[in-house]
Amino acid sequence: MKTEAKKANEDLDRLLRQKWMSGTWRLNREERPLDPATTVKPHLWKWADIYDALLQARDRIGIARGSAERRAIRLVNPGMAETEMTSHTMLFAFQLIQAGELAPAHRHTMTAIRFILQGKGGYTNVEGQKMVMEEGDLILTPQWNWHEHAHEGKEPMIWIDGLDVPLIKALQVISFEPYPGTRIPVKDSPHLAPHYGMTRPVASTSEALPRPLHYHWRDTHLSLRHLAEREPHPFDGVALEYVNPLTAGPTLPTLSCWVQMLPPATRTQVHRHTSTTIYHAFYGSGTTVINGEPFHWDKGDTFVVPLWSWHEHANRSATEDAVLFSMNDAPVLKAFGLYREEGQGESHIGL
Ligand SMILES: [Fe+2]
Ligand SMILES: [Fe+2]
């Protein structure tokens with residue numbers, strides 16, 4: 001039997017609801033946890049499944065303006081089936097383009113990164129800057145930049161597309177625009193040519209600094225090799241962040257990309273942080289334990305470590321290096337003072 005007081009409270013709640021208001025006394029404890037709680041689930045996708053999906057899409061899906069503009073397979077987090085996103089802040093997808101195809105130009109408020117996995121002869125044009133893709137390269141598409149992908153080679157090209165779609169969706173500022181012309185003209189400026197790197201032709205009169213949109217694997221790999229001679233980071237091994245040399249900040253305002261090497265038979269210590277990371281095994285094989293559950297990965301496998309989950313990595317091979325490429329949302333957390341990190345000490349992975 002309801003007490004008078006309880007009934008009076010319910011009457012008040014109903015009255016407020018009718019007027020599009022609500023009393024804060026209705027909040028329950030689950031809405032005020034001590035530790036951050038996430039709906040993102042740890043999960044691993046096998047390369048064999050991703051690759052098979054790409055081949056099936058290659059045979060069935062054509063790309064053209066006005067229909068499917070991209071042939072890409074999204075990784076859907078089991079905790080976020082309704083949104084079809086990989087985490088609450090990020091989307092990770094694999095794209096395949098065949099020789100002679102053109103993924104038509106457009107721009108959007110979502111920021112994108114590409115990490116190249118297979119093929120030769122493909123390129124991305126971002127605002128007139130033509131960047132020829134090679135395996136292991138990282139290519140950036142900052143938000144609202146015109147971009148298109150084309151392929152002048154022979155074998156299909158496959159790359160990772162990483163985007164901040166769910167974050168931009170949550171902020172309700174998604175804008176998307178098809179390019180008004182057919183192709184983005186390549187700017188004939190030697191200053192923009194990526195192969196000039198940190199140099200410029202002496203005849204150039206431009207004082208603008210080249211935008212850092214293309215990180216070549218040959219440079220990244222060399223940096224990894226040099227760093228491997230030093231003491232590894234306790235939680236991340238031999239780890240590099242792709243930085244923006246113009247700002248000294250992270251790769252992009254909403255996304256940070258990393259590459260890390262785990263030398264043979266090494267394991268990292270256990271830690272957790274309020275950023276979420278999506279890892280792709282570029283080569284090698286290892287095990288990552290997330291909240292006590294082991295995820296065994298081999299070349300091409302991809303997995304997500306949700307925020308505030310304890311995790312540690314180990315290279316399962318005694319002879320081969322393992323290299324992980326990853327993307328995380330730490331720049332967003334750091335921008336608002338919400339980044340937090342905790343260490344737990346030695347690894348528990350028994351190999
Ligand atoms: Fe795009
Ligand atoms: Fe971590």
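**Pocket and metal sites**

Analyst: This is a predicted model. Strands S2 (72–74), S3 (91–97), S4 (102–108) and S10 (157–163) each supply at least two residues of the lining of the second largest pocket.

User: Which strand gives the most to the lining of the second largest pocket?
Analyst: The second largest pocket has a volume of about 400 Å³. Among the 16 residues that line this pocket, Arg70, Leu91, His106, His108 and Leu163 are the closest to its centre. The strand that gives the most, with three residues, is S3.

User: How many residues of that lining are charged?
Analyst: The lining of the second largest pocket holds seven nonpolar residues and four polar ones. The charged residues number five.

User: How many residues apart in sequence are the parts that histidine 106 and histidine 147 tie together?
Analyst: His106, His108 and His147 coordinate the iron ion (ligand 1) through their NE2 atoms, at 2.2 Å. Histidine 106 lies in strand S4, and histidine 147 in strand S9 (residues 147–151). The pair therefore ties together parts whose separation in sequence is 41 residues.

User: Is histidine 147 buried or exposed?
Analyst: Buried means under 20% relative accessible area. Histidine 106, at 5%, is buried. Histidine 147 has 1% relative accessibility, so it counts as buried.

User: What is the sequence spacing of the donor residues of the iron ion (ligand 2)?
Analyst: The protein donors of this iron ion (ligand 2) are His271, His273 and His311, each through NE2, at 2.1 to 2.2 Å. Histidine 271 and histidine 273 are buried. The spacing of the donor residues is H-x1-H-x37-H.

Definitions and conventions: Residues numbered from 1 in each chain as written. Chains lettered and ligands numbered in written order. Predicted model: local features only at pLDDT ≥ 70, side-chain atom pairs only at ≥ 80, totals over all residues. Heavy atoms only, no water. Donors = N, O, S within 2.8 Å, 3.2 Å for Na, K, Ca; no water. Buried < 20%, exposed > 50% of the residue type's maximum accessible area, 1.4 Å probe, protein only. 1 Å grid on protein atoms, 1.4 Å probe; cavity = no way out; pocket = protein on both sides within 12 Å on 5 of 7 lines; lining within 4 Å. Points joined across faces, edges and corners; volume = space filled by probe spheres on them. Helix = DSSP H or I, 4+ residues; strand = E, 2+ residues; numbered from the N terminus. Nonpolar A, V, L, I, M, F, W, Y, C, P; charged D, E, K, R; others polar.
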